[in-house]
Amino acid sequence: MESRVLSRATAFASVPSLRKSSPRQPGAVSFVSPARRPIGTVSEGGNLIWGRQLRPALLLEASPPSSRKEILKPCLAAAAEGGDSAGEAKVGFIQKYPALVTGFFFFMWYFLNVIFNILNKKIYNYFPYPYFVSVIHLGVGVIYCLISWAVGLPKRAPMDSNQLKLLIPVAVCHAIGHVTSNVSFAAVAVSFTHTIKALEPFFNASASQFVLGQSIPLSLWLSLLPVVLGVSMASLTELSFNWLGFISAMISNISFTYRSIYSKKAMTDMDSTNLYAYISIIALFVCIPPALIVEGPQLLKHGFADAIAKVGLVKFVTDLFWVGLFYHLYNQLATNTLERVAPLTHAVGNVLKRVFVIGFSIVVFGNKISTQTGIGTAIAIAGVAIYSYLKAKIEEEKRQAKAA
């Protein structure tokens with residue numbers, strides 16, 4: 001209130017000086033520069049006495065009674081204006097419509113994920129180099145993070161050596177899982193890769209039981225049976241099946257399982273945006289050497305030339321840029337969505353996301369699937385939904401028990 005009232009310098013132009021300036025003695029130290037009025041004088045932005053703003057009471061005491069009403073007019077107007085703006089600031093759009101904002105987060109998460117998968121597969125149709133494309137995914141994301149840090153959105157969180165040691169295993173597992181997922185995407189249909197990746201909860205439960213020593217309820221194990229059955233049915237009759245795509249997707253499941261294990265050990269107070277940025281940077285350095293060793297000679301020999309000859313240099317470069325940007329944004333939005341909703345809601349949303357990706361990929365690419373593959377995929381997704389629901393419910397019960 002004081003800063004808003006006292007910033008109106010024009011309202012106080014007629015107020016006399018509160019302190020008379022004394023003649024400067026030889027050798028005395030003066031705190032008043034020649035270009036400024038003495039401290040205590042009411043002027044443009046100079047309403048300060050040793051760092052404190054003048055209170056309205058001081059101004060009124062130093063003013064004749066006839067001019068006090070004139071001084072109070074702008075004060076009252078500013079106070080009313082400030083009250084209105086403060087009320088508007090308290091109730092913003094996000095606070096007023098939280099469900100609508102959360103729905104927008106889910107929509108953008110699904111939309112970006114579907115666009116990423118479709119564009120990613122289109123690139124592999126004319127540029128089948130998944131190691132290099134994985135580097136591009138992470139590289140574009142890292143550039144995005146660096147620019148965001150440079151403009152302060154968000155402010156970069158400090159990183160010490162202890163945090164770095166904890167994040168390296170997480171980033172290595174993230175890099176391996178990401179590369180092997182892309183190898184599978186390049187080798188088989190997108191729908192089939194996502195069907196195999198539906199087995200990830202099975203690997204998570206196995207690791208929790210046999211690696212971490214945590215007891216998994218029987219209901220969770222039973223809910224995983226339809227997942228294993230459905231993936232098996234889909235794999236036996238998948239028209240695009242090959243062992244490279246299948247094994248790569250399975251390695252991806254294992255890698256992301258261990259990423260979850262190491263993430264629990266590397267719990268930090270850092271916000272999710274900064275945490276994912278650091279993981280992306282480390283994962284990028286992990287992915288570059290394999291890409292150079294496995295695909296480097298082929299890329300220099302004919303890989304880049306063939307892609308440019310098929311689609312042109314501009315489309316080739318823009319496709320790589322957009323697929324990298326979509327990859328980073330959909331992963332970041334998935335994390336931001338998790339922060340806004342309960343784990344159960346996020347788990348159900350994650351299952352529906354996989355359904356959307358499988359359905360859109362079949363429509364866009366016209367992949368022919370057998371009846372058994374379709375039934376197997378549906379059974380696997382249903383099993384994942386049941387497992388996700390039960391697991392989130394158990395976790396919520398544990399949290400409530402601890403709170404009580």
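**A residue and its surroundings**

Reply: L325 touches V140 and Y144, leaving aside residues up to four places away in sequence. Contact here means heavy atoms within 4.5 Å. The model is predicted: local features need pLDDT of at least 70, side-chain atom pairs count only at pLDDT 80 or more, and totals for chains, interfaces and linings use all residues. Residues are numbered from 1 along each chain as its sequence is written, and side-chain values use heavy atoms, with hydrogens and water left out.

L325 lies in helix α14. Helices (H or I, at least four residues) and strands (E, at least two) are DSSP runs, numbered from the N terminus. Is L325 buried or exposed? At 14% relative accessibility, L325 counts as buried. Buried means under 20% relative accessible area, exposed over 50%, and partly exposed in between, for a 1.4 Å probe and protein chains only. The C-alpha atom of L325 is 8.7 Å from that of F116, although the two residues are 209 apart along the chain.

Helix α5 (residues 98–126) and helix α6 (residues 130–150) have axes that come within 11 Å and cross at roughly 140°. Axes are lines fitted to C-alpha atoms, for helices over the stretch in contact, and angles run from 0 to 180 degrees between N-to-C directions. α5 and α6 are therefore oblique to each other. Under 35 degrees counts as roughly parallel, over 145 as roughly antiparallel, 65 to 115 as roughly perpendicular, and the rest as oblique. The crossing of α5 and α6 is right-handed. From α5, the contact uses F116, N120, I123 and Y124; from α6, it uses P130, V133 and H137. By class, that contact has five nonpolar, two polar and no charged residues. Ala, Val, Leu, Ile, Met, Phe, Trp, Tyr, Cys and Pro count as nonpolar; Asp, Glu, Lys and Arg count as charged; the others, Gly among them, count as polar. As for handedness, a crossing is right-handed if the near helix is turned clockwise from the far one by less than a right angle, and left-handed if anticlockwise.

Back to α14. Helix α13 (residues 296–311) packs with helix α14 (residues 313–340) at an angle of about 110°, and their axes are 7 Å apart. α13 and α14 are therefore roughly perpendicular to each other. F304, A307, I308 and V311 of α13 meet L313, K315 and F316 of α14. Sorted by class, this contact has six nonpolar, no polar and one charged residues.

A salt bridge is a side-chain nitrogen of Lys or Arg within 4 Å of a carboxyl oxygen of Asp or Glu. D319 and K315 are four residues apart in helix α14, which means about one helical turn between them. An α-helix has 3.6 residues a turn, so residues three or four places apart point the same way. D319 is buried, at 9% relative accessible area. K315 is partly exposed, at 42%.

How many salt bridges does a search of the whole structure find? It finds two. R399 and E396 also meet through their side chains in a salt bridge (2.9 Å, N to O). They sit three residues apart in helix α16 (residues 371–403), again separated by about one helical turn. R399 is partly exposed at 38%. E396 is partly exposed as well, at 32%.

Helix α8 (residues 190–197) is mostly covered, with eight of its eight residues buried. α8 and helix α11 (residues 243–265) pack at about 40°, their axes 9 Å apart. α8 and α11 are therefore oblique to each other. α8 passes α11 in a right-handed crossing. F192, I196 and K197 of α8 meet G245, F246, A249, M250, S252, N253 and F256 of α11. The class count is six nonpolar, three polar and one charged.

Finally, the whole protein. It has 16 helices and two strands. Buried residues make up 42% of its 404 residues. Of the contacts with a separation of 6 or more, 83% join residues 24 or more positions apart.
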